[in-house]
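The structure comes first, then the points by topic.

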Amino acid sequence: MTLLKAVRGTRDLLPPETELWNRVEATARRVFARYNFGEIRTPLFEDTQLFARGVGEETDIVSKEMYTWEDRARAQSEKAQSLTLRPENTAGVVRAYIEHKLGETGLLQKLYYIGPQFRRERPQKGRYRQFWQIGAEVIGPPSAGSESPLRDAEVLEMLASLLDELGITGWSLVLNSVGSSSDRPRYIAALREALAPVKDQMSADNQRRAETNPLRVLDSKDPGDEAIIETLPKIADYLDDASKAHFAAVLAALDACGVPYTVNPRLVRGLDYYTRTTFEFTHGELGAQNALLGGGRYDGLSEMLGGPKAPGIGFAMGLDRLILTLQEAERKAAAAQAAVAGVPLLADGFIAPLGEGLNTAALEMAKELRRAGLRIELGDGAFRLKKSFEIGNKLARAIVLLGEDEQRSGILTVKNFATGEQTKIPRGDLAQALKT
Ligand code: AMP
């Protein structure tokens, strides 16, 4: 019989790695709360139209990477429907904003999400078919200040704080303005004109995009087309005064709060809904898939989905890649200190009952210590002493022996595996002793 395995591009997350995931998620929630964001949870699948309209038919995501199926009707009253596993979460959040009429509050909506996304990409390190994103959106009617460059700067500053708080050093922020919906047609016309004489020398995908959606040529990763792409007009030269002033105000606000950045006039990002500010945070440690997170403004997205005018800005951070970066940093720190920083791989204590008659007493002791906040592994009285020591040494920093003598006297024998030291500790002092 062939063994069943996790589907290509998906993976299981196991302890102790999941501990790091929890720590990252808890840090993100804490930081978002300080900026007064609230959590939104949208469904994992949506009407296919949402992504076709929102993300754009010609994007790689929609044209090649979506998991889409025809959902059959189960009753007369139902209609068959094309459904898609969400490849990203911004479209879902904006759909929910429209559906629940959140704009009618007249206030900015500041929403964050943490959850899996699905794209049929070629799997490699840092690229999966089910991956996790942490993201946030600031969206609202223009009267609430949703278009203000201050919002862009606030989101970017929040991200810098989050990465700092997670202990990620060495990130770079790259940003650009891709112009407003009024700059876009002039730029696209210029791109078409520049592409017309050279497009035949490009890959089949880019030849098609040159016709259907020339902007997408710019985020092509086809190395053979790079030289031509370099010669194409830059969006910065097509921004109108309002877009230029908006971008300049974002940069000035970043300067004022000390967030370092570089401007890359080629950064356009692979989704159609972006307008004006777009950005990426990258990290050298990640190799080819070096984008930790990406985002930008999407001032027209709500209207594209049939909603009210609701400019917004948001980002999505790849949790899988963030974890890889942290693990890499921790591996380096571990090599230096022979300890994995921040992630306690070993339990504080391993309780070894000496004989099966002591199992329940050991369970009781483990309960007390766990309630005192310690991380405790519980052995089994059926184990020989040697086996308890072997297992304890793998799982914990110390072993606590609970024999009949110890049970009677209330004085436990504790051996610290790192120092080899063996001490007698009164039960009341045990929690304190295991902590240190
Ligand atoms: P995007 O929605 O394409 O702007 O992606 C935002 C972030 O999600 C990226 O910067 C990555 O960190 C992460 N990401 C996107 N696609 C994948 C994937 N297939 N596997 C892992 N992370 C991904």
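A search of the whole structure finds 25 salt bridges, a salt bridge being a side-chain nitrogen of Lys or Arg within 4 Å of a carboxyl oxygen of Asp or Glu. The model is predicted: local features need pLDDT of at least 70, side-chain atom pairs count only at pLDDT 80 or more, and totals for chains, interfaces and linings use all residues. Residues are numbered from 1 along each chain as its sequence is written, and side-chain values use heavy atoms, with hydrogens and water left out.

**Salt bridges**

- Glu 19 pairs with Arg 375, with the closest N and O atoms 2.7 Å apart. Glu 19 sits in helix α1 (residues 17-34) and Arg 375 in the loop between α12 (359-371) and β13 (376-378), so the bridge ties together parts 356 residues apart in sequence. Helices (H or I, at least four residues) and strands (E, at least two) are DSSP runs, numbered from the N terminus.
- Glu 19 is partly exposed at 27% relative accessible area, and Arg 375 is partly exposed at 33%. Buried means under 20% relative accessible area, exposed over 50%, partly exposed in between (1.4 Å probe, protein chains only).
- Asp 60 and Arg 209 form a salt bridge at 2.6 Å, N to O. The two lie 149 residues apart, Asp 60 in helix α3 (residues 60-65) and Arg 209 in helix α7 (residues 204-212).
- Asp 60 is partly exposed at 30%, whereas Arg 209 is buried at 5%.
- A network of salt bridges links Asp 60, Lys 64, Asp 205, Arg 208 and Arg 209.

**Cavities**

- There are three cavities of 30 Å³ or more. A cavity is a set of points on a 1 Å grid over the protein atoms alone where a 1.4 Å probe fits but cannot get out; lining residues have an atom within 4 Å of a point. Points are joined across faces, edges and corners, and volume is the space filled by probe spheres set on them.
- The largest cavity holds about 40 Å³. Its lining includes Val 178, Arg 184, Leu 215 and Tyr 274.
- That lining divides into five nonpolar, no polar and four charged residues.

**Surface patch**

- Leu 44, Phe 45 and Trp 69 form a nonpolar surface patch with about 270 Å² of accessible area together. Patch residues have over 30% relative accessible area and no salt bridge, and nonpolar side chains are joined within 5 Å. Areas come from the Shrake-Rupley method with a 1.4 Å probe.
- Phe 45 lies in strand β2 (residues 45-47) and is partly exposed at 45%.

How values were computed: 1 Å grid on protein atoms, 1.4 Å probe; cavity = no way out; pocket = protein on both sides within 12 Å on 5 of 7 lines; lining within 4 Å. Nonpolar A, V, L, I, M, F, W, Y, C, P; charged D, E, K, R; others polar. Patch = residues over 30% accessible without salt bridge, like charges linked within 9 Å, V, L, I, M, F, W, Y side chains within 5 Å.
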